[in-house]
Structures are given as structure tokens and as C-alpha cells.
Amino acid sequence: MKLSVPGRATATAVVAAVTLLAGGSIAGAAPAPEPVAPDIPVANVKAHLTQLQSIATANGGNRAHGRAGYKASIDYVKAKLDAAGFTTTLQQFTSSGRTGYNLIADWPGGDTGQVIMAGSHLDSVTSGAGINDNGSGSAAVLETALAVARADYQPTKHLRFAWWGAEELGLVGSKYYVNSLATSDRSRISGYLNFDMIGSPNPGYFVYDDDPAIEKTFQEYYTGLGIATEIETEGDGRSDHAPFKSAGVPVGGLFSGADYIKTAAQAAEWGGTAGKAFDACYHSSCDTTANIDDTALDRNSDAVAYAVWELSE
């Protein structure tokens, strides 16, 4: 489903069209328009989820830390990024006696003194495939990264994408990454965007209220769609943005809800079923490809791209 572009991007496109019709500026070439984030095809995001489901099915039903399904998930994402021209780094750590991995992907170019990061945890719990938690965020971040490559996007700031291991054991992978950075390297990260569960089957639209500029960017996107959002509180401090925030990095992100119950007011605003969890399959074996709301996944995936483009230009 192709969704309307938020107001700022629409205005940019209109200005660019008027300039072209007018034959450019009198003094010379017209200023280049601001780059507009592409629509992220939800079919592409779902194709990644299908692959993650297949990986889990072939590896004991899960993609958990230290298990074959997790390593196969990392290998799948890395292969896509390598083929697209990213510089990838596999960071290894140990937790609970098992080897874990973070995957870091840098897009060449941009000011490395101003880094915009987007990340998600790739591991599941042992009880299931973890397709909403957190295949959804991982697939959206992956497809946004691939969209950067397809567009040959050359932002002012440097873009970095990350997939974290062992989040389900207490944010182990992201803590390891942040703690491994020199203080000067942490200070170069202008913002970290976190996406953990963005396709919940009975979805809400929640925005982190941490860094005001990042929060405003997401709010602009949803305002352009005519969708009201709420401040994210259910997962506050419980996902991979927390180590970055503790280190003084500006953070933000999106969330579509876990095992909290949707209220009547929320159902009236967003649709879905009041009195039911946002994701009744949270941390369960039923968190499969059948446990995804396509509309929420589509909107939130486009929001990932919108924020990456807006904050890195």
C-alpha cells in the first residue's frame, strides 16, 4: 500500500516542480530540492520476514541468541547489505556461555563526525520465531538500508545501521557495542533510532519521547498521514536505545505495542480490538508471519525511511 507523503516532503516536491516549470532561477541553476524519502514497499519488508520465518523453522523454531537460527539470520542480513555496497562489521561477544553477534553496516560517505544510526534487535526468544519481536523492526531497517543503496543517497551526515544480538537477555549486544566505543566515537553519534516491534497485529502508534528533534520528526510523518500517536511507555528503557541514552546519545524510535491491553479510546482512534493485547503472541510460539498487521508494518517502515532521510540530510 502506497501511503501519502508527509507535508514537508510534499511541499518540497511542489517547489521543485514549480522551479522546473519556470525554467530554473535567473542567476543560474536552481537549488537542488531536499531529498525525499522513498516509499518502502511493504512486500519487500514481508519478504524478509518470510526468510526469517524459514530460518527459524529450519533451526528448532527460533532465532535466539547462541542458536543456529540467530547466526543464520545475521548471515542473511549481512549478505543483503554486502551485495548493496555497505561496509559491514560483525562484532562478536559472549553471553550466557554462548557466542553472540552484532552486525554494523556503514553507508560510504557523509560526515563521520555526525552519525545517524538506525537499529533493531535481530534475536528472538527461544519459544518462537520472533517475527513481530523483532523481525518487524529488523526487516524495516534492512529494507530502509537497501533503499539508501538503490537511491545512491548521499546525505550530509554519515549513515550507520545495526542489528543487535541478545537483546532478549537484557540488551546485551547493544550494551556491548556502546561500551566498546571510545568517548569520542560516542560523541559523533548525532542520533540513534530504535525499532522494536512495529507490526503488532492489534497495533498502536507509539513514538519515543526522548530526544525532542527525533520525536518531532516522527510526529511530522504521522501528522502527514492524519494519524494520532501516543508517547511510548510500555517498553521505555527495555530496548536497545537504553544503552545509547545512558551514554548521552540522542535517541528516538517507534513501537506498535506488546502485551499491554488496547483501551476503548485507542481502538476508536486506531481501529483494532479494545480489551485485547496489542500483540497477544508476544514472546510466544505464535509470533510467526501470521502475527503481523500489514498496514502498521507499511506505515512504520515508511516512517523509518522518512526519519533516516530527514535527520541525515
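User: Where does the charged end of K71 sit?

Analyst: A charge counts as over a ring if NZ of Lys or CZ of Arg is within 6 Å of the ring centre and within 35 degrees of the ring normal. Here the charged end of K71 sits over the ring of Y101, 5.5 Å from its centre. This is a predicted model, where local features need pLDDT of at least 70, side-chain atom pairs need 80 or more, and totals for chains, interfaces and linings use all residues. Residues are numbered from 1 along each chain as its sequence is written, and side-chain values use heavy atoms, without hydrogens or water.

User: Which residues of α3 are buried?

Analyst: Helices are DSSP runs of H or I with at least four residues, strands are E runs of at least two, and both are numbered from the N terminus. Buried means under 20% relative accessible area (1.4 Å probe, protein chains only). In α3, residues 68–84, the buried ones are G69, Y70, S73, I74, Y76, V77 and L81. They fall within an arc of 155° (taken from the directions from the helix axis to the C-beta atoms), so they line one face of the helix.

User: How many aromatic pairs are there?

Analyst: Rings of Phe, Tyr and Trp (its six-membered ring) pair if their centres lie within 6.5 Å; planes under 30 degrees apart are stacked, over 60 edge-to-face, and the rest tilted. This structure holds 17. The centres of W164 and F244 are 5.8 Å apart with planes at 50°, so that pair is tilted. W164 is in strand β4 and F244 in helix α8, so the pair ties together parts 80 residues apart in sequence. Y192 and F244 are stacked, 4.1 Å centre to centre with 10° between the planes.

Conventions: The expected span of a helix is 1.5 Å times one less than its number of residues. Buried means under 20% relative accessible area, exposed over 50%, partly exposed in between (1.4 Å probe, protein chains only).
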